[in-house]
Amino acid sequence: MKRIVLFFSCAVLMFLLSSCALAGNPLERAEATPVPGLPMKLHSATASNENADKMEIALFYRYEQSDMLSSETRTVTVPRDESPEMIAVRQLLAGPQASHTELKRLFPHNTTVLDVHSTDDTLFITLSEDLLNDGIPEEWNKDPIWKTEAPLRRKLTMQSLVATITENFSYPYVQVMLSANQLHDVSTRLDNSYFLDGRTGLAERLMRNESMLLTMQNTALTILKAWQLHDYELLYQFTAPSHAQKPSYSDFIEALEECATLTAYSASAGYSSANGKRATVTLDITYRVDEREYHCPAYPLWLVRDNDLWKVPYEELQQMMLRDH
């Protein structure tokens with residue numbers, strides 16, 4: 001009799017222990033108790049990629065240490081509970097990808113986007129005050145290099161944001177706001193003092209400045225200016241390989257030593273091919289060879305896309321610069 005009582009006691013104890021174990025882990029319990037006719041797939045608590053869209057965006061960054069911006073194209077995932085504008089700004093603040101070595105970030109590393117909202121024609125973007133911690137010294141105007149670099153960097157920073165927004169979305173204006181406290185919905189407009197150009201008061205809405213972007217025309221003008229000034233280092237940066245080859249910098253300089261002297265130039269807006277990989281810009285150039293001047297009123301300069309940047313093929317550059325008649 002005692003053995004029977006002991007057996008039932010053990011059985012009851014084992015049942016209670018197994019019940020507690022299942023109750024303590026609802027996921028395991030769900031897996032252990034299939035319902036006939038119903039799929040037993042457990043879903044993650046986070047949203048899946050099925051609830052997201054893919055978007056290709058152009059993000060603008062500083063080209064080397066120049067006064068111009070160029071872009072990289074990036075495909076991003078946009079969850080349907082987030083705005084594409086927020087994702088685009090967040091991607092911009094993250095900086096260029098490692099493969100785009102010629103592009104340089106402008107926003108300080110800790111800068112975050114706190115909010116975006118819009119009216120009919122303006123996108124309001126609230127950034128953290130980390131925007132102001134960009135390493136520009138307090139007495140920047142007493143240093144000859146910083147005196148030029150500081151206002152330029154601030155101008156490029158804001159234009160990189162505006163160019164990114166206007167390139168990807170239909171807003172002609174961007175209003176930048178700053179917030180000192182991420183926990184409270186309190187923000188103020190960016191102050192004009194940020195630009196270090198003598199202006200005061202609250203900044204107005206910002207607009208796209210095409211003159212600061214390396215468009216087809218601006219790329220051609222940059223190449224021509226470098227030719228005129230014999231700035232071979234800059235020319236080399238804007239030269240794309242021909243037939244998968246690009247000479248060393250020393251060979252590049254040696255090859256162009258006997259180039260014609262450029263005395264005057266202008267460039268058209270340019271025309272891009274259907275696939276966007278090649279463009280033709282019409283130049284009006286005047287150059288001198290052996291004290292004799294020549295004028296070419298409609299010279300077609302070919303440009304190609306090289307890692308999202310417009311560049312001139314090496315053979316094309318040689319043909320243009322080494323003209324002797």
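In this predicted model, four strands form an open sheet in the order β4-β5-β6-β7, with mixed pairing, where strands are DSSP runs (E, at least two residues) and helices are runs of H or I with at least four residues, numbered from the N terminus, and where two strands pair if DSSP finds at least two bridges between them. β4 (113–118) and β7 stand at the edges with a single partner strand each, so one side of each has no neighbour in the sheet. The strands β4 and β5 (residues 122–128) run antiparallel and are joined by five bridges, and within this pairing His-117 has Phe-124 in β5 as its bridge partner.

Residues are numbered from 1 along each chain as its sequence is written. Because the model is predicted, local features need pLDDT of at least 70 and side-chain atom pairs count only at pLDDT 80 or more, while totals for chains, interfaces and linings use all residues, and side-chain values use heavy atoms, with hydrogens and water left out.

Arg-189 lies in strand β7 and Glu-204 in the loop between β7 (188–189) and α5 (216–228), so the pair ties together parts that are 15 residues apart in sequence. For accessibility, buried means under 20% relative accessible area, exposed means over 50%, and partly exposed lies in between (1.4 Å probe, protein chains only). Glu-204 is exposed, with a relative accessible area of 56%, whereas Arg-189 is partly exposed at 31%.

Another salt bridge links Glu-210 with Arg-208, whose closest N and O atoms are 2.9 Å apart. Glu-210 counts as partly exposed at 40% relative accessibility, and Arg-208 is also partly exposed, with a relative accessible area of 30%.

In helix α4 (residues 144–168), Glu-149 and Arg-153 lie four residues apart, about one turn of the helix, and they form a salt bridge with the closest N and O atoms 3.2 Å apart. Glu-149 is buried, with a relative accessible area of 14%, while Arg-153 is partly exposed at 21%. Together with Arg-62, Glu-149 and Arg-153 are linked in a network of salt bridges.

Charged residues also gather in a patch, here a group of residues with over 30% relative accessible area and no salt bridge, in which like charges are joined within 9 Å and nonpolar side chains (Val, Leu, Ile, Met, Phe, Trp, Tyr) within 5 Å. Asp-251, Glu-254, Glu-257 and Glu-258 form a negative surface patch. Of these residues, Glu-258 is found in the loop between α7 (249–256) and β9 (261–267), and Glu-258 is exposed, with a relative accessible area of 69%.

Two loop residues have a particular backbone angle. Asp-290, in the loop between β11 (278–289) and β12 (292–306), has a phi near 50°, a positive value in a residue other than glycine, and is exposed, with a relative accessible area of 73%. Asp-308, in the loop between β12 and β13 (309–313), likewise has a positive phi, of about 75°, although it is not a glycine, and counts as partly exposed at 21% relative accessibility.

How values were computed: Areas by Shrake-Rupley, 256 points an atom, 1.4 Å probe, with all protein chains shown as cover. Salt bridge = Lys/Arg side-chain N within 4 Å of Asp/Glu carboxyl O. Lys, Arg positive; Asp, Glu negative; His and termini not counted. Charge placed at Lys NZ, Arg CZ, Asp CG, Glu CD.
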